[in-house]
Amino acid sequence: MSDTETRDFIRQIIHEDLESGKHDEIVTRFPPEPNGYLHIGHVMSICLNFGVTVETSGRTFLRFDDTNPAREDEEFVNAIERDVRWLGFDWQDRLTHASDYFAQIYAAAESLIEQGLAYVESLSAEEMREYRGTLTTPGKNSPYRDRSVEENMDLFRRMRAGEFADGEHVLRAKIDMESPNMNLRDPALYRIRHVSHQNTGDTWCIYPMYDFAHTMSDAFEGITHSLCTLEFRDHRPLYNWFLEQLQPEHLPRQIEFSRLNLAFTITSKRKLKALIDDGVVSSWTDPRMPTIAGMRRRGYPPAALREFVKRAGVTRKDKLIEMGMLENCIRESLGDSVERRMAVLRPLKVVLTNYPEDQVEQMQGMNHPNNPDRGTRSLPFSRELWIERDDFMEDAPRKFFRLQPGGDVRLRSAYIISCDEVIKNDAGEVIELRCSYDPDTRSGTGSSERKVKGTIHWVSAAHAIDAEVRLYDRLFTVVNPNLADDYREVLNNASLETVQAKLEPALATLDQDTTVQFERLGYFRPDSEDDTANARVFNRVVTLRDSWAKLEKQAMQGM
RNA sequence: UGGGGCGUAGCCAAGCGGUAAGGCAUCGGGUUUUGAUCCCGUGUACCGCAGGUUCGAAUCCUGCCGCCCCAGCCA
């Protein structure tokens with residue numbers, strides 16, 4: 001951390017606790033429920049929880065909050081572990097589950113009953129809701145609230161023994177049905193679920209609720225700072241109530257921070273799942289998904305994600321961060337590190353009429369323009385080439401400095417060419433350009449002082465390899481799709497465009513886990529699921545910044 | 001209409017009583033065989049509003065306004 005950086009409020013608290021001697025070591029936890037894939041919002045929590053302990057030589061637990069066997073699955077725990085590791089964090093031997101503590105949590109529940117602080121409720125769920133009152137009217141006590149300790153204990157043990165059906169009874173904390181804080185209106189502690197659990201099998205048929213299980217798990221693990229999102233602020237009095245009543249050896253402190261929302265995306269597991277179920281995206285790992293797995297497949301580097309959440313900061317204010325912020329982090333992290341290649345996404349044929357029919361020259365392309373030490377690669381050059389359709393305009397505006405009839409342009413790492421003739425089909429579409437090249441302008445020879453304003457990329461037609469390239473755009477058309485009543489109404493139907501591209505030959509053997517920049521286009525990476533050696537499939541990670549596109553857009557708006 | 005949280009430039013965000021850091025975006029300019037990168041420069045932010053305390057307030061007090069969260073036997 002440099003001098004100019006300041007600590008967020010949570011890190012301030014943590015450092016105060018270390019300096020005051022309140023704690024010798026910081027212990028945190030990342031507690032996902034294994035009922036879906038991790039997304040960009042979780043990246044924030046992961047980086048915070050693991051970040052503060054790498055910074056202070058503390059410890060962080062990866063703890064699965066598996067208290068609801070009805071909706072949790074092994075597929076998700078594997079995905080979560082992979083995602084956290086990929087992001088760059090290590091829990092070492094601290095992989096735990098709330099279910100590891102079921103016996104202790106159960107004992108804590110009996111202790112509450114003994115103290116007269118919990119009772120077995122026999123009202124139905126609907127009745128409980130009626131007794132609970134509303135936001136503005138107090139609730140009223142259940143007729144079962146004053147059962148004796150003995151009766152409660154007996155009933156609870158029989159709940160555990162499996163004598164009752166799902167929903168017949170529930171264990172509740174006895175706090176205050178008139179509390180303005182709904183969480184304190186005798187919250188449920190245990191419910192009956194005759195469902196087998198992925199870790200504990202059929203050992204239990206009663207499962208603890210989140211508030212109880214989470215607080216006790218924090219205490220058992222010796223968590224010093226239990227960091228969670230703002231919607232749990234109202235749960236804190238309950239969290240502290242458990243700690244006060246049960247007096248565990250370690251007393252964790254809950255601190256809340258605001259969630260991170262990304263513009264034009266959703267971060268709700270339920271809605272993300274709907275996208276999959278409705279066939280809008282292919283899976284949790286679809287490169288358009290804001291899931292960690294999706295972003296990994298798309299080609300976002302983990303360091304970029306870490307930098308992104310660092311820039312977003314940790315506060316208590318609602319955030320809706322611009323896509324540009326994330327994209328910029330990705331470009332920054334890829335720009336210096338990744339090699340350049342050439343690829344033509346929407347090919348237009350160019351024939352160099354003054355270039356010998358069967359000649360092939362090997363041009364040398366710099367692997368990185370800002371770093372000559374990274375060497376060069378051979379780029380075969382011949383009479384027929386592919387260039388980008390967008391790099392040619394028949395009626396070009398004055399500021400367009402690519403190719404146009406009668407105009408010239410530099411072919412990157414090769415020659416300057418001039419456009420002599422435009423060939424069209426019967427429909428009037430441009431299908432080929434007849435150009436001539438200037439032999440004195442070969443790249444790197446310095447034999448010509450000739451300068452042109454534009455440089456475009458190209459690929460030799462005879463040497464190009466074919467590939468599928470997938471171009472991604474945002475999934476939604478509105479800045480905050482979370483607000484839409486029905487997400488289907490705000491879907492971007494053009495979030496995926498697939499093109500058949502022409503690639504320079506060196507790309508045929510690119511490692512599947514290597515990202516490259518296609519010059520002038522953006523960063524690309526082989527798709528980890530669909531790419532094969534014989535049929536290459538690339539994903540566009542992110543485009544390059546494009547001030548020409550910006551000018552064009554402004555011109556359009558001015559019209 | 002109950003309780004809780006939050007309001008500093010387009011988006012984030014420092015600031016913790018002494019007279020508004022920084023990042024991203026924007027807009028200029030320079031370098032450039034990627035309209036990329038890189039390098040310079042660029043913001044009168046009525047610090048949500050209104051009062052008050054103070055020599056002095058974004059920072060303290062009071063009132064108001066706006067946004068978000070809470071009525072699962074979900075987490």
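This is a predicted model: local features need pLDDT of at least 70, side-chain atom pairs count only at pLDDT 80 or more; totals for chains, interfaces and linings use all residues.
Begin by selecting strand S8, residues 225-229: five of its five residues are buried, so the strand is largely enclosed by the rest of the structure.

Show the side chains of S8. In a regular strand the side chains alternate between the two faces of the sheet. Here both faces are covered: on one side lie His225, Leu227 and Thr229, on the other Ser226 and Cys228, and all of these residues are buried.

S8 and S9 run parallel and are joined by five bridges. To see one of these pairings, select Ser226, whose bridge partner in S9 is Gln254.

Follow the chain out of S8 towards helix H8 (236-246); Asp234 lies in the loop between the two. Is this residue buried, exposed or partly exposed? With a relative accessible area of 48%, Asp234 is partly exposed. Then select Met182 as well: Met182 and Asp234 are 52 residues apart along the chain, and their C-alpha atoms are separated by 8.4 Å.

**The four-stranded sheet**

Move to the open sheet of four strands, ordered S4-S5-S6-S7, in which the pairing is antiparallel. Which strands stand at the edges? They are strand S4 (118-121) and strand S7 (206-208); each has a single partner strand, so one side of each is left without a neighbour in the sheet. Looking across the sheet, neighbouring strands are turned by 20° against each other on average, direction ignored.

Select Cys419 and Cys435 together. Cys435 is accordingly in no disulfide, and the count for the model comes to zero disulfides. Both residues may be checked for accessibility: Cys419 counts as buried at 2% relative accessibility, and Cys435 is buried with a relative accessible area of 0%.

**The surface near RNA strand B**

Finally, display RNA strand B and the 67 residues that surround it; the closest are Lys319, Arg340, Phe401, Ser443 and Ser547. Of the atoms of RNA strand B that come within 4 Å of the protein, sugar and phosphate account for 65%.

- Gln12, with a polar side-chain atom 3.1 Å from a base nitrogen of RNA strand B.
- Asp65, with a polar side-chain atom 3.4 Å from a sugar or linking oxygen of RNA strand B.
- Asn328, with a polar side-chain atom 3.3 Å from a phosphate oxygen of RNA strand B.

To close, colour the elements that give two or more residues to the surface near RNA strand B: helix H5 (125-132), strand S6 (188-192), helix H11 (302-312), strand S11 (319-321), helix H12 (323-335) and helix H13 (547-558).

Methods
Residues are numbered from 1 along each chain as its sequence is written. Chains are lettered from A and ligands numbered from 1 in the order in which they are written. Side-chain values use heavy atoms; hydrogens and water are left out. A disulfide is a pair of cysteine sulfur atoms within 2.5 Å. Buried means under 20% relative accessible area, exposed over 50%, partly exposed in between (1.4 Å probe, protein chains only). A residue is near a molecule or strand if one of its heavy atoms lies within 4 Å of it. A polar contact is a pair of N or O atoms within 3.5 Å; within protein, one must be able to donate a hydrogen and the other to accept it, and residues adjacent in sequence count only if both atoms are side-chain atoms. Two strands pair if DSSP finds at least two bridges between them. Axes are lines fitted to C-alpha atoms, for helices over the stretch in contact, and angles run from 0 to 180 degrees between N-to-C directions.
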